Amino acid sequence: MKLIKSHKQFEGQTSFWSHASASTQSEMKFASFVPHGEVKGCIVWLSGLTCTEENFITKAGAQRSLAEHQLMLIAPDTSPRGLQLPGEHESDDFGSGAGFYVDATVSPYDRHYRMYSYVVNELPVLIREHFQCMNLSIMGHSMGGHGALTLGLRNPELFRCVSAFSPIVHPTAVPWGQKALQGYLGQDASPWQIYDSCALLEQGCRHPETILIHQGLQDPFLDRQLLTQDFAAAAQAAHQAHQIIYSEGYDHSYYFISTFIELHIHHHAAVLKRGL
């Protein structure tokens, strides 16, 4: 790991790192906040389309609440960088900045675009070895909300708590998800299902804790790309404990996230501190 820069904040440290990733076979970057004193747990934050490791850590205003709860946070980049794959940089919803937290199986993306393995297998080892923390939860926004839901449902023993802002809950049914899943996994839609939170619930995946989703009602993507109501229906049918908060007047932006981030951190803190 290479420390790029670090800033003291609320007696802790906000830092930016790079390292060679075995999962993506490329350099990966992530941001961290580590509070002063004992660390009670770590939230893994997954960002949305076009974001880097810097968006959340600089815009969400989470560090004060993290410090109060003695929680650290890791925010990885949303895709490999520095590659020149065919079509990788042609749009903002596929390729660079849009890894969708899947393990690609279609060439040439299958060699590098393995963000599922990076978050599930590589980051936890890095967090344990370099930050001495094994008590993890997961949270994200939009594409990253999709990632938080699917990774959390598939790995409840790893991620003890799950929440999302404006998540893409049913990617197999919306343009953003269909484009990405076809591009990374191929035209056969059957392998797509393990990256769809609604399908995972139908298949029997469950998380033991209440899944929190926060959605702005002025979000321009709500009805075409996010389909929050589909998760509500799937969770109810599957008897998955969940809470969906709809907030009038709020959109898809970090203005929305920064308004309610403390509520989400409190939700995670209650679970992560239980039993310590």
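Leaving aside neighbours within four places in sequence, which residues is Ser65 in contact with? Ser65 is in contact with Glu262 and Ile265, where contact means heavy atoms within 4.5 Å.

## Basis of the model

This is a predicted model, in which local features need pLDDT of at least 70 and side-chain atom pairs count only at pLDDT 80 or more, while totals for chains, interfaces and linings use all residues. Residues are numbered from 1 along each chain as its sequence is written, and side-chain values use heavy atoms, with hydrogens and water left out.

## Ser65 and its setting

Ser65 has its place in helix 2, residues 63-69 (helices are DSSP runs of H or I with at least four residues, strands are runs of E with at least two, and both are numbered from the N terminus). With a relative accessible area of 2%, Ser65 is buried (buried means under 20% relative accessible area, exposed over 50%, and partly exposed in between, with a 1.4 Å probe and protein chains only).

## The largest pocket

Rolling a probe the size of a water molecule over the atoms shows where empty space is left. The largest pocket holds about 200 Å³ of space; a pocket is an open set of points on a 1 Å grid over the protein atoms alone where a 1.4 Å probe fits, with protein on both sides within 12 Å along at least five of seven lines, and the volume is the space filled by probe spheres set on the points, which are joined across faces, edges and corners.

The lining (residues with an atom within 4 Å of a point) comprises 13 residues, and those nearest the centre of the pocket are Leu49, Thr50, Ser142, Trp176 and His252. By class, the lining divides into five nonpolar, six polar and two charged residues, where Ala, Val, Leu, Ile, Met, Phe, Trp, Tyr, Cys and Pro count as nonpolar, Asp, Glu, Lys and Arg as charged, and the others, Gly among them, as polar.

## Salt bridges

Side chains of opposite charge can pair when their charged atoms come close. The count comes to six salt bridges, each defined as a side-chain nitrogen of Lys or Arg within 4 Å of a carboxyl oxygen of Asp or Glu. One of them joins the side chains of Lys5 and Glu54 at 3.9 Å, N to O. Because Lys5 lies in strand 1 (residues 2-9) and Glu54 in the loop between strand 4 (41-46) and helix 1 (55-59), this pair ties together parts that are 49 residues apart in sequence. Lys5 is partly exposed at 35% relative accessible area, and Glu54 is partly exposed at 31%.

In another salt bridge, between Glu11 and Lys8, the closest N and O atoms are 3.4 Å apart, and both Glu11 and Lys8 are exposed. Arg114 and Asp103 also form a salt bridge, with their closest N and O atoms 3.4 Å apart; Arg114 and Asp103 are each in the loop between strand 5 (71-76) and helix 3 (115-131), eleven residues apart. In this pair Arg114 is partly exposed, with a relative accessible area of 27%, whereas Asp103 is buried, with a value of 10%.

## Nonpolar cores

In soluble globular proteins, nonpolar side chains tend to be buried together. The largest nonpolar core has 62 residues, and those with the most contacts inside it are Phe100, Val119, Ile138, Leu151, Phe159, Tyr184 and Phe231; such a core is a set of buried Ala, Val, Leu, Ile, Met, Phe, Trp, Tyr and Cys residues joined through side-chain atoms within 4.5 Å. Helix 3 supplies the largest share of this core, nine residues.

Leaving aside neighbours within four places in sequence, Phe231 is in contact with residues including Leu149, Val169, Leu201, Ile211, Ile213 and Ile244.

## Backbone features

Most residues other than glycine have a negative phi, and most peptide bonds are trans. A cis peptide bond, with omega about 5 degrees, joins Ser107 and Pro108, and Pro108 has its place in the loop between strand 5 and helix 3.

Gln25, although not a glycine, has a positive phi of about 50 degrees; Gln25 is found in the loop between strand 2 (12-21) and strand 3 (26-34) and is partly exposed at 44% relative accessible area. Gln132, also not a glycine, has a positive phi of about 55 degrees, and is found in the loop between helix 3 and strand 6 (136-141), where Gln132 counts as exposed at 61% relative accessibility.
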